[in-house]
Amino acid sequence: MPYTPHTKDDVQKMCAQIGIKDETELFDSIPNELRAKSFDLEEGLSEFEVFENFKSLASQNDTSKVSFLGGGYYDHIIPTAVDALSTRSEFYTAYTPYQAEASQGTLQALYEYQTMICNLTGMEATNASMYDGGTAIAEAALMAVRIGKKRKKIIVDSGVNPIYIKILKTYLAYHELVVITLEVKNDGSDRETLLGLIDDSIAGYIFQNPNFFGSIEDYSEIIKALHDVKALAIMSSYPIALGILKSAGEVDADIYCGDGQSLGNYLGFGGPSFGILACKEKYIRNLPGRIVGITDDREGKRAYVLTLQAREQHIRRDKATSNICSNQNLMALRATIFLALLGKEGFEKLALQNYNKSEYLKAELSKIDAIKIYNQNPTFNEFVISLPISASEFIDKMEEKGFFAGLRLETLFENFENRVLVSTTEKRTKAQIDSFAACVKEIV
Amino acid sequence: MSKRYSNEHEWAILDGGIASIGLSAYAVEQLGDITFVELPEIGAEANKDDSIAFIESVKAASDIYTPVGGEVVESNEKLEDTPELLNEAAETTWIFKLKVSDSSEFETLMDEAAYKAYLDTL
C-alpha cells in the first residue's frame, strides 16, 4: 500500500475545521516537560538507498547450514501455494478485520480454519487463533481457573516448553492464582508426585505431549485422576504430531493448546506464528478470542459472523474472558491453506515421515559408542543426546561442518551441560542424516 | 407470600427463609431474546447487590444482582438448555434460590405498586 501523506493544504483545512491554529495545539494537554525535545532520527533515505541497505544486510545471512534444530520451531517444507494464495490482496493483511462481517471471505477462511483445527485436535470448539503457543497456554490456565470457580491452583509440567512456562508465569503474575511447577523425572512426567498433588483445590494440569524433550507418554491415567476431582486436563502439543498420535479429544483432554508455526509458517527468527486454543463445547463461553460462526442472512443465504461476542471486552467490559480482541489472522490463514493442501492422508504421511526420519537418526547415532540417547520414552521427531564433550564445543564443531546440530539444553535447564536436543523433519534427506551422523562420530 | 422488586429489576419471593430470585417482565422485555444464563454455584455466599449470575440476550450481556444476601441453595438448571423460559414467563421463572441471611433486606425492597410507580419514572 502506498504511503499517502497529507499536503500542507490538507492539514490547514483540517485545523481550520476544528478551530485550531496548527496541529501542535493538539498536544497542548501534554505538559511541556514530558514532550520529546528531539527524536534523534537520521536523514531519510531514498527508495534506492533503502533497497541497497537491506540487500547488504540480507547478504550476511548464512542459508547454507543444514538445520537439526527443534524445540518448538521446526524447519518444514512450505508448499508454494501457501505463499501464492496467502499473499493475494484480498487476504494479505496481518490484521483481523474490524468491520468483520464486511469481510466474508476472511471470515469463511477462519471458519474453515476452526473446522480443521477441531478435526485435528479432536476438540469440539476453537477460536480464530491466539498469538502463539505460550499465550495459548496462559489463556488455557485462565480458562481453567474461571471454570474451576474457587480453585486457584494450576500445575504445569516442566516437560512443557520452558519458554511457554515463562510466558505463562508472566501472563499470570498479577492474577490471584498459584502456578505449581512439576519437575520432570528424567525425560517424562513424575507421575507419583503428580498423583499426590491432584486434589479438589487444583483447577487444571498443563502437560505437553510429546514433551520438550520429544518424549511421548500415555496420560490417560492422569487425565482420569484429574476428572475424578473435577480438575481440567490441558494438553499442549506440536500439531504435526497429531497426525499419528492420539488427539486431545481421543485422550479426553478438556483444553488443547499448540503453536501453529509448523503449519505453513516460516521460521523467520522465531515468528510470526500463531497459537491454537481449542476446548470441549461445554467450555466455549470461557474460551477467549474471536469465534466465527455461520448463519443465514435475511435472504436465506449463508453468511459468516463473529459469534458469542458477549465473552469479549467490547460487550462484557471488565468481566470479559480476556483482553485479546484480535487474532493472528494471516498466520492462521496460511495454516488453513497448508492443511487443505495436505488433506487428512497427506497430514498423516507428513507426521509419519517426521517420526521415521527421527527414528533413523536415533538408530544411526545409537551406533556411536560415545553417544547416549537420554530419552527412556518413545519419541516423535526430536530427542536428547548425551555427549562426552560439552554441548557448546559440539555445536561449534558441527557448525564448522555445515550443521546447526541442535539446541543446547543447558541454556534452559540446570545440569544439562552435555545434552543437546536434536530434531528432524521431512525436509532432511537420508544423505543429510547420514552425513550428520558421520560428522558426529568424527567429533566425539 | 409477597413479591418484592429491586431497582435493578430483580424480583424476590420470600417463603420460610428461602428467597426465589427472578427478573421482572420489564427487564426481560428490555433485554430481548435471551440466549444464555450463567447460574450461580450452589453453596456460594452472596451479599445483597452482589453480581452472582449473568445473562446474555441478542442485544446485551448483563449481570444479575441478588436483591437479598444469603447462601445459594438452588439454581434453575432448566435455564441452561432453555433460557427462553425467561422470555415466556419472566415473573414466574425463578433463576436461583437463596437461604436468606437477613430478612430485613427483603423488607427494604419495593412492593408491586411501588415498583410499578418506579417503572413510570424511567
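How many residues of domain 1 of chain A are in contact with how many residues of domain 2 of chain A? The count is 19 residues of domain 1 of chain A against 14 residues of domain 2 of chain A, where contact means that the C-beta atoms of two residues, placed from the backbone, lie within 7 Å.

Before going on, the conventions. This is a predicted model, in which local features need pLDDT of at least 70 and side-chain atom pairs count only at pLDDT 80 or more, while totals for chains, interfaces and linings use all residues. Residues are numbered from 1 along each chain as its sequence is written, and chains are lettered from A and ligands numbered from 1 in the order in which they are written.

Back to the domains of chain A. Domain 1 takes in 66-70 + 345-443, and domain 2 covers 80-338; the bounds come from an automatic or database domain assignment. Their C-alpha centres are 29 Å apart. On the side of domain 1 of chain A that touches domain 2 of chain A, the elements giving two or more residues are α10 (329-366) and β12 (382-386) of chain A. Helices (H or I, at least four residues) and strands (E, at least two) are DSSP runs, numbered from the N terminus. The most comes from α10(A), with seven residues. By type, this side of domain 1 of chain A has twelve nonpolar, five polar and two charged residues. Here Ala, Val, Leu, Ile, Met, Phe, Trp, Tyr, Cys and Pro count as nonpolar, Asp, Glu, Lys and Arg as charged, and the others, Gly among them, as polar.

Now chain A as a whole. Its secondary structure comes to twelve helices and 15 strands. The radius of gyration of chain A is 25 Å, close to the 22 Å that the globule rule gives for 444 residues, so chain A is as compact as a globular protein of that length. That radius is taken over C-alpha atoms, and the rule is 2.2 Å times the number of residues to the power 0.38. Of the 444 residues, 41% count as buried; buried means 20 or more other C-beta atoms within 10 Å of the residue's own, exposed means 12 or fewer, and partly exposed is in between, with C-beta atoms placed from the backbone.

One piece of the fold in chain A: β3 (residues 153-157) and β4 (residues 178-182) pair in the parallel sense over five bridges, pairing being at least two DSSP bridges between two strands. A:D157 has A:L182 in β4(A) as its bridge partner.

One residue of chain A is worth a stop. Where is A:N286 placed? A:N286 is in the loop between β8 (275-279) and β9 (292-296) of chain A. With 18 C-beta neighbours inside 10 Å, A:N286 counts as partly exposed. A:N286 touches A:M143, A:R146, A:I147 and A:T321, leaving aside residues up to four places away in sequence.

Finally, chain B. It has five helices and ten strands. Its C-alpha atoms fill a box of roughly 35 × 35 × 20 Å along the principal axes, and buried residues make up 38% of its 122 residues. Seven strands of chain B form an open antiparallel sheet in the order β5-β8-β9-β3-β2-β1-β10. β5 (45-46) and β10 (110-111) of chain B stand at the edges, each with a single partner strand, so one side of each is left without a neighbour in the sheet. Within it, β3 (residues 18-23) and β9 (residues 96-100) of chain B run antiparallel and are joined by four bridges; B:I18 has B:K99 in β9(B) as its bridge partner.
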